[in-house]
Amino acid sequence: HMRFWMQPHLISFMLVAIGFKGVLSHELLAGGVLWKRYIVVPLVLAMLGAQVVLNYKNLDQSDNTHIAELGKKHLQYLPKNSIIISQGDMVTNSMRYLQRCEKYRTDVLLLDETMMTYKWMRDVQGPKMGPWG
């Protein structure tokens, strides 16, 4: 699935880190203590800082409202007191966010088709569905 694209990278970097640990802990490098304290830690902090400085402008998503707009488009034209059955994380959560955080179209009952298959959903959420429960 598309959201798990980083998992192979995590495994690769863990293996690289294990290899670096072995190299940096070698006796020729004072058992790794001096090397780690005076070279590795400042180098890692400098590399992390450089990544933030170099990429912040390109990766800043603080003004991105695409998901909220998606939820708003789904909710705005529904009749008052509608029931909407949705499926999928992005669609359902965008509408749920607008209802709970922005107090937008709280008259609409939002049901997640996938979650409705679980007995606990009916038992726990059923009484909270007001006139529809």
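## Side-chain contacts and surface features

Lys-119 has a relative accessibility of 52% and therefore counts as exposed; the classes are buried (under 20% relative accessible area), exposed (over 50%) and partly exposed (in between), with a 1.4 Å probe and protein chains only. The model is predicted, so local features need pLDDT of at least 70 and side-chain atom pairs count only at pLDDT 80 or more, while totals for chains, interfaces and linings use all residues. Residues are numbered from 1 along each chain as its sequence is written, and side-chain values use heavy atoms, with hydrogens and water left out.

Two salt bridges are found in a search of the whole structure. A salt bridge here is a side-chain nitrogen of Lys or Arg within 4 Å of a carboxyl oxygen of Asp or Glu. The table gives both.

| Residue pair | N to O distance |
|---|---|
| Arg-105 and Asp-107 | 3.0 Å |
| Asp-123 and Lys-119 | 2.6 Å |

Arg-105 and Asp-107 are both buried. Asp-123, at 42% relative accessibility, is partly exposed. Because Asp-123 and Lys-119 are four residues apart in helix α5 (residues 119–125), about one helical turn separates them. Helices are DSSP runs (H or I, at least four residues), numbered from the N terminus.

One aromatic pair is found in the whole structure. The ring centres of Tyr-118 and Trp-120 are 6.1 Å apart and the planes lie at 20°, so this pair is stacked. Rings of Phe, Tyr and Trp (its six-membered ring) pair if their centres lie within 6.5 Å; planes under 30 degrees apart are stacked, over 60 edge-to-face, and the rest tilted. Tyr-118 is partly exposed at 40% relative accessible area, and Trp-120 is partly exposed at 43%.

Lys-72 has its charged end over the ring of Tyr-104, 5.0 Å from the ring centre. This requires NZ of Lys or CZ of Arg within 6 Å of the ring centre and within 35 degrees of the ring normal.

Ser-94 is in helix α4 (residues 89–100) and is buried, at 3% relative accessibility. A polar atom of its side chain lies 3.0 Å from the backbone oxygen of Met-90, and the side chain of Ser-94 also reaches the backbone oxygen of Val-91 at 2.8 Å. Polar contacts are pairs of N or O atoms within 3.5 Å; within protein, one must be able to donate a hydrogen and the other to accept it, and residues adjacent in sequence count only if both atoms are side-chain atoms.

Leu-45 lies in helix α2 (residues 33–59) and is exposed, at 57% relative accessibility.

Methods. Helices (H or I, at least four residues) and strands (E, at least two) are DSSP runs, numbered from the N terminus.
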